Amino acid sequence: MTFSLTDTVRDALTSGGIVNGAASALGISSASASKGLGAAGSAMLAGLANKARDPLVLGEFFNMAQDPALTSSTLDDPARLLSGAAEATRARDLGSRLTSSLFGGRTDDVVGGLARHAGIGSTAAASLMSMAAPLVLRAVGGLVRSGGLTVGSLGQALLGNQSEIMNAVPPSMAGTIGRAQIYDVVREAQPQVPHLPHPAAVEPKRPAWWAIPLALLPLALLAWWFLDARRTERQVDTTASRYETPAAVATRTPPPAPPPPASKRATTPTTPTTPTPATTPTPATAPAPKAQAELKAVHVAEVNRELRFAENGVEAKLLAFLRDKSAKYDDKTWFEFDRLVFDTNAQTLTAGSHEQLENLAAILKAYPGVHIKVGGYTDNTGDPNANLKLSQERADNVKKELVARGVPGDRIETEGYGEQHPVAANTTEEGRSQNRRIALRVLPPKS
């Protein structure tokens, strides 16, 4: 069966009934509604094409497209789709998951570009995006149900029609979505010729006497290593301390400024990161990486679907607190995120953080009366003012990601505490890694 994703999505979003219904529901012209819906669909296809080689994203999209909620007649009426009906809420939640998966923290920028293209306000543009996402999923789901689309053929269609897909994206949105990423993916799809030695290295056989020094070389290296072992023995622990454990990566703070004056460093001019203990250090003193807790699929009744999280993860702790009618709301009860990873020396979150953010957003949306505070913390390494600024930026970015996933911003407070409130001693790398963290607490109910 031959199909065109761009044609399928365009037809689903720009039919007369959908366009006129959207225009009426949002109070905009039919021309603006048509431009906005078409652009939203093109942007989503382009965002999906950017991730065409990510089997997890494609698989999630494929599964969402087959959700029974998308077959409801509610999707035929934009006014009903924006209502509080159960089918409409489920469809919008699916759409929200889709836009978050495709655009993440760039969702607001994509909506802004959509508003400029269609000549409408940002609120109307966000509503159009909210309408378009479930309609795109329904259109693709129709291809799946007809037997014309599989995960594999979906990926091939995205990669094989990248020019058509990107040409449909308005200029006001193309830069945000990332035109270059699509072409990079396509180039990667070309067969790669394995690297072969230069012909000059593949010469006729050398005389047999060449084998003698080659055979002796390992023995010479072994002898050098043995003689040098004593000289380098004391350097092993210092070298190991320059590497962070995976746990430290989660809330890494900026590296320290140049080492402080010698007057502040009593006995360790050769180890700028940690004081040298009285006894001779050995490699065993370096902190061992923390094992990743096993993730389990748990059916969460409040959100009516399965979420994957660790048994002692932030999701489990938050759910237990919210379900406990006798829980005390105070400033001492904080729940630490266990799967947030930030880019080095930056406030931006890596893709590996998305699942936990999605889970938390789903839980918060299931408890619409709950308000939270997100706190950012660092260790005491480096400039205190820089650490305080970074901790605030990271807390703010967690809020931004939750808002992008549909949690109202007025339900989330943030505060960066820098090196305040350590939970472990800053005298060891393991302790410092525990102090670099993001946590949340539930605020008392508002009257």
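**Exercise 1.** Determine the handedness of the crossing of α2 and α3, and classify their relative orientation.

*Solution.* In this predicted model, α2 passes α3 in a right-handed crossing. The axes of helix α2 (residues 16-26) and helix α3 (residues 30-50) come within 8 Å, and they cross at roughly 115°. The class for angles of 65 to 115 degrees is roughly perpendicular; α2 and α3 are therefore roughly perpendicular to each other. The next step is to list the residues that meet: I18, V19, N20, A22 and A23 from α2, and S30, A33, S34 and L37 from α3. Sorted by class, the contact of α2 with α3 contains 6 nonpolar and 3 polar residues, with no charged ones.

**Exercise 2.** Carry out the corresponding analysis for α4 and α6.

*Solution.* Helix α4 (residues 55-65) packs against helix α6 (residues 86-103) at an angle of about 165°, and their axes are 11 Å apart. Angles over 145 degrees count as roughly antiparallel, and α4 and α6 are therefore roughly antiparallel to each other. The crossing in which α4 passes α6 is left-handed. On the α4 side the contact is made by V57, E60, F61 and M64, and on the α6 side by L94, R97, L98 and S101. These residues of the contact of α4 with α6 comprise 5 nonpolar, 1 polar and 2 charged.

**Exercise 3.** Is E358 buried or exposed, and which residues does E358 contact beyond its neighbours within four places in sequence?

*Solution.* First, locate the residue: E358 belongs to helix α17 (residues 354-366). Second, apply the cut-off: buried means under 20% relative accessible area. E358 has 15% relative accessibility and so counts as buried. Third, with neighbours within four places in sequence left aside, the contacts of E358 are R97, S100, S101 and R405. Of these, R97 and S101 also take part in the contact of α4 with α6.

Note on methods. Residues numbered from 1 in each chain as written. Predicted model: local features only at pLDDT ≥ 70, side-chain atom pairs only at ≥ 80, totals over all residues. Heavy atoms only, no water. Axes fitted to C-alpha atoms, helices over the stretch in contact; angles between N-to-C directions. Helix = DSSP H or I, 4+ residues; strand = E, 2+ residues; numbered from the N terminus. Parallel < 35°, antiparallel > 145°, perpendicular 65-115°, else oblique. Left-handed = near helix turned anticlockwise from the far one by under 90°. Contact = heavy atoms within 4.5 Å. Nonpolar A, V, L, I, M, F, W, Y, C, P; charged D, E, K, R; others polar. Buried < 20%, exposed > 50% of the residue type's maximum accessible area, 1.4 Å probe, protein only.
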